[in-house]
Amino acid sequence: MTSGPLAGIRILEIGHMLAGPYATMMLADLGADVIKIEPPSGDISRQVSDSYFASLNRGKRSICIDLTTEAGQARLGELVEESDALLANLKPSAIHRYGLTYEALRKWNEQIVCVALTGFGLAAGDDPAFDYVIQAATGVASLTGDPSGPPTLPGYSSADNSSGLTAALGLLAQIVSGSGGQVEVSLQDVMLSQLNYRASSYLNDGVEPRRLPSGAHSYYVPAQLFPTADGHLALFITHDGFWRSFAGEAGIVGFETMAERAERRDEVLGAVTEVLATDTAANWESRLRPLGVPASAVRSLPDALNALPEAIVTAGDYRLVGSPIRVAGYEPEYGPPPLLGEHGDIPARI
């Protein structure tokens with residue numbers, strides 16, 4: 001395979017910042033022709049930094065259209081006629097105002113797939129819905145951090161990125177169906193969905209979720225971060241076979257079943273903490289990995305990137321993390337991020 005699996009599919013993107021652009025970049029990496037429709041002022045992420053913009057917009061084409069004008073709406077219609085999907089990542093009122101729904105655009109193309117990626121839903125109003133706000137509103141922040149400290153957030157935009165991937169999935173599902181139509185994805189729904197087993201435990205068993213020290217898992221024991229003689233180790237024991245391998249290497253006796261380890265959580269964690277303090281995180285990783293035990297030293301991002309040079313790609317003048325999707329026989333051509341309006345008004349279909 002020389003062309004991407006999405007070659008021949010044209011996707012229009014109208015949005016700003018992260019969630020929507022990330023969704024369409026993933027599709028561009030797979031060969032889709034993504035046209036980024038920007039206002040004359042450009043996507044506001046261009047104002048953050050060039051590297052920020054590049055990380056979300058490689059391989060796309062950019063045109064400028066003022067959707068507030070009749071001429072802009074006419075140009076949008078011409079593009080919709082020759083496109084397979086349109087993803088809008090704006091406030092609901094803007095999506096309606098600019099006519100970016102299936103009901104508004106089907107007059108140009110009955111087969112167009114329209115994806116509305118919003119904070120709370122297309123009919124839910126314009127309350128601000130940035131990533132951290134959504135993590136707070138859905139309970140994610142309350143479940144993150146040490147129980148003796150305040151709630152906290154991960155060091156990246158987990159709600160935006162997760163919602164972008166979900167929107168890409170919804171877009172492709174509707175294309176595969178063979179029918180045009182409206183797809184909705186909200187950051188709120190995505191993050192609630194990703195709390196799957198935590199939400200189910202509360203809804204079905206009445207167990208109210210709580211934070212545990214060192215990011216400990218609510219079911220598996222031991223499964224968390226542990227201090228060592230040098231650095232921290234992530235140890236994730238999800239079944240008794242892993243425990244036998246780990247306990248044999250660590251010299252811990254007892255606690256043979258997950259039920260017992262869960263019941264005697266404090267004793268288990270005490271024993272594991274004591275033994276892990278006898279060696280470094282790097283050494284424990286090298287000792288446990290050959291045994292098939294899930295474990296890793298906690299690395300900085302620079303250390304992680306340096307250890308995985310194959311994950312880094314070149315897109316124009318930028319070094320970026322490549323697509324996480326590997327398709328046999330296909331190597332993405334990572335194009336540069338587009339200059340504002342670089343590709344004219346109505347680009348030819350690739």
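This short talk walks through one predicted model, from the whole chain to two of its residues.

Before the details, please keep in mind that residues are numbered from 1 along each chain as its sequence is written, and that side-chain values use heavy atoms, with hydrogens and water left out. Because the model is predicted, local features need pLDDT of at least 70 and side-chain atom pairs count only at pLDDT 80 or more, while totals for chains, interfaces and linings use all residues.

Let me start with the chain, which has 14 helices and 11 strands, these being DSSP runs numbered from the N terminus, with helices as H or I of at least four residues and strands as E of at least two. Its C-alpha atoms fill a box of roughly 75 × 45 × 35 Å along the principal axes. Of the 350 residues, 43% are buried, meaning under 20% relative accessible area, where exposed is over 50% and partly exposed lies in between, with a 1.4 Å probe and protein chains only. Among contacts (heavy atoms within 4.5 Å) with a separation of 6 or more, 69% are between residues 24 or more positions apart.

Now to Pro-227, which sits in strand β7, residues 223-227, and which counts as partly exposed because its relative accessibility is 38%. Leaving aside neighbours within four places in sequence, Pro-227 is in contact with His-232, Thr-273, Leu-276 and Ala-277. Glu-274 is 47 residues from Pro-227 in sequence, yet their C-alpha atoms are 9.3 Å apart in space.

Finally, Val-321 belongs to strand β11, residues 318-321, and is partly exposed, since its relative accessible area is 49%.
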